[in-house]
Amino acid sequence: MDAVRRVALVGAKGGSGTTLLAANLGAVAQRGGSSCVLDLDCRKGDLAALLDVRPKVIVPELWGSDCDASRLRGSASHLPGGLCILGQPDAMAQLARPLPTEALGLLALAAAAWDTLVVDCGAGLDEVMVAVLAEVDAVVIVATPDVLAVRNARRLDAVLGQVGVPEARRLVVLNRVDRHDAFDTADIEAAARVHVAARLPRDDAACARAVGEGALLADVAPGSPLVRAVEDLWSLVRGEPLAPRTSRWRIPWLGGEP
Ligand SMILES: Nc1ncnc2c1ncn2[C@@H]1O[C@H](COP(=O)(O)OP(=O)(O)OP(=O)(O)O)[C@@H](O)[C@H]1O
Ligand SMILES: [Mg+2]
């Protein structure tokens, strides 16, 4: 299997945690080499806001750009730990939808500029996102643990299968899984007829703190089950063995029942 260097996340519904997971997967990736998180949510991308970053160059300025990999690296915002961000504008009037060729051009340029690229595609599909998702090495479909969201995840997964994304490169994950939820995630999976590759726990305190401080989860809640689940998700996406851990949380959150 070729190395998985370009990973895209798409939400089964709005508010699934796509941006939060993209940012934090990018941070895990950055431990192994240069990494950039690219915000392609052209309807309202808020990756920069999540990380409290003011983009030097906004993504719409890069559509059709003839800049090279080195200039693109210089256009990105750098977080203190080294993670790079290519963000959307704060002003909604500056948001702009690319042509599929423009989005693919930026994707190719960014893939040449960094060792790994994590792309936030927002929620739902349009022709631009389909083109991007068909191009990357792996797609993570993020759903919350409810039947409608997981059914939407199955619908997205089916479209991706139709456009040629191999099954091994499509992962449906459940985010914000609460062990006190009324429904067992296995029941949701069965009802929606979807295989869930990973579950990420709900951690309101860590997420609220991270968003409030514009920080990464590993900085505000190091070693927490959510941070470990994000690390394990990165290994899973890349087809790498999971880091050995003694924590009692390790097995429950990946693949098994929470
Ligand atoms: N595992 C989690 N536990 C608790 N809260 C979470 C978790 N994941 C995400 N959140 C929170 O859910 C909210 C939505 O997250 P985020 O903005 O990443 O979702 P999104 O799918 O990108 O939304 P949008 O569709 O608006 O782009 C944020 O407040 C975030 O902190
Ligand atoms: Mg988002």
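Okay, let's start with ligand 1: of the 20 residues around it, G14, G17, T19, L20 and C207 come nearest. A residue counts as near a molecule or strand when its C-beta atom, placed from the backbone, lies within 6 Å of it. Helix 1 (18-30), strand 5 (116-123), strand 7 (170-177) and helix 8 (204-213) are the elements that give two or more residues to that shell. Helices here are DSSP runs of H or I with at least four residues, strands are E runs of at least two, and both are numbered from the N terminus.

Before I go on, this is a predicted model: local features need pLDDT of at least 70, side-chain atom pairs count only at pLDDT 80 or more, and totals for chains, interfaces and linings use all residues. Residues are numbered from 1 along each chain as its sequence is written, with chains lettered from A and ligands numbered from 1 in the order in which they are written.

The 8 strands form an open sheet in the order 3-4-2-5-1-6-7-8, with mixed pairing. Strand 3 and strand 8 (196-201) stand at the edges with a single partner strand each, so one side of each has no neighbour in the sheet. Two strands pair if DSSP finds at least two bridges between them.

Let's look at strand 5. Strand 1 (residues 6-11) pairs with strand 5 in the parallel sense over 5 bridges, and L9 stands opposite D120. Strand 2 (residues 35-39) also runs parallel to strand 5, joined by 5 bridges, and there S35 has T116 as its bridge partner. Buried means 20 or more other C-beta atoms within 10 Å of a residue's own, exposed means 12 or fewer, and partly exposed is in between, with C-beta atoms placed from the backbone.

On to helix 10, residues 225-238. Its 14 residues reach 20 Å from first C-alpha to last, close to the 20 Å expected at 1.5 Å a residue; the expected span is 1.5 Å times one less than the number of residues. Why is helix 10 largely enclosed by the rest of the structure? Because 11 of its 14 residues are buried, including W234 and V230. Just after helix 10, G239 takes a positive phi of about 70 degrees.

V230 turns up again with A110 and I141: of the 83 residues in the largest nonpolar core, these touch the most other members. Such a core is a set of buried Ala, Val, Leu, Ile, Met, Phe, Trp, Tyr and Cys residues joined through C-beta atoms within 7 Å.

Most residues other than glycine have a negative phi. D52 has a positive phi near 55 degrees, and R176 has one near 70 degrees. Which of them is buried, and which is exposed? D52, in the loop between helix 2 (47-50) and helix 3 (69-75), is exposed, with 12 C-beta neighbours inside 10 Å. R176, in strand 7, is buried, with 23 other C-beta atoms within 10 Å.
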